[in-house]
Amino acid sequence: MSITCFIRYEIDPYQKEAFETYSRNWNEAIPRCGADLIGYYAPHEGSATLAYGVYNIENLAAYEAYRARLMADPLGRDNYEFSKEKKFIRREERTFLRLVTGTNGGL
């Protein structure tokens with residue numbers, strides 16, 4: 001059974017395009033480093049500052065190893081630097097949940 005990481009971002013509403021570039025860069029780096037990327041979600045209607053990233057990982061130990069690989073990955077490092085340089089992320093929170101029920105094989 002895996003856990004799902006939900007990343008909640010508060011972003012600068014005037015830099016949505018920068019967040020979208022950041023999100024697309026993770027399409028390659030996250031799977032290469034060991035997580036199952038579900039997707040990144042940018043504001044569309046309603047809040048202009050709320051965005052999400054979602055991926056599955058085996059467990060918290062696997063998450064720690066994945067984070068180390070991501071920090072060593074050239075695209076991962078570049079993407080972190082891009083976000084620091086552009087400052088489009090105002091706040092970032094991670095929550096880990098497990099699937100209890102659902103159409104995709106929950107218990």
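## Contact between H1 and H2

In this predicted model, Trp-26, Ala-29, Ile-30 and Cys-33 of helix H1 meet Tyr-66, Arg-69 and Leu-70 of helix H2. Classified by residue type, the contact comprises 6 nonpolar residues, no polar residues and 1 charged residue.

Helix H1 covers residues 16-33 and helix H2 residues 60-72; their axes come within 9 Å and cross at roughly 130°. The crossing of the two helices is right-handed.

## Nonpolar core

The largest nonpolar core holds 25 residues, and those touching the most other members are Tyr-9, Phe-19, Tyr-22, Trp-26, Tyr-40, Tyr-55 and Tyr-66. Two or more residues of this core come from each of strand S1 (3-11), H1, strand S2 (36-41), strand S3 (50-57) and H2. The greatest contribution is that of H1, with 7 residues.

Trp-26 and Tyr-66, both listed among these core residues, also take part in the contact of H1 with H2.

## Surroundings of Tyr-22

Beyond its neighbours within four places in sequence, Tyr-22 is in contact with Tyr-9, Tyr-40, Asn-79, Phe-82, Ser-83, Phe-88 and Ile-89. Of these partners, Tyr-9 and Tyr-40 are, like Tyr-22 itself, listed among the core residues that touch the most other members.

## Glu-81 in H3

Glu-81 lies in helix H3, which spans residues 74-86. Its relative accessibility is 46%, so Glu-81 counts as partly exposed. Gly-46 is 35 residues away from Glu-81 along the chain, and the C-alpha atoms of the two are separated by 29 Å.

Note on methods:
Residues numbered from 1 in each chain as written. Predicted model: local features only at pLDDT ≥ 70, side-chain atom pairs only at ≥ 80, totals over all residues. Heavy atoms only, no water. Helix = DSSP H or I, 4+ residues; strand = E, 2+ residues; numbered from the N terminus. Buried < 20%, exposed > 50% of the residue type's maximum accessible area, 1.4 Å probe, protein only. Axes fitted to C-alpha atoms, helices over the stretch in contact; angles between N-to-C directions. Left-handed = near helix turned anticlockwise from the far one by under 90°. Contact = heavy atoms within 4.5 Å. Nonpolar A, V, L, I, M, F, W, Y, C, P; charged D, E, K, R; others polar. Core = buried A, V, L, I, M, F, W, Y, C linked by side-chain atoms within 4.5 Å.
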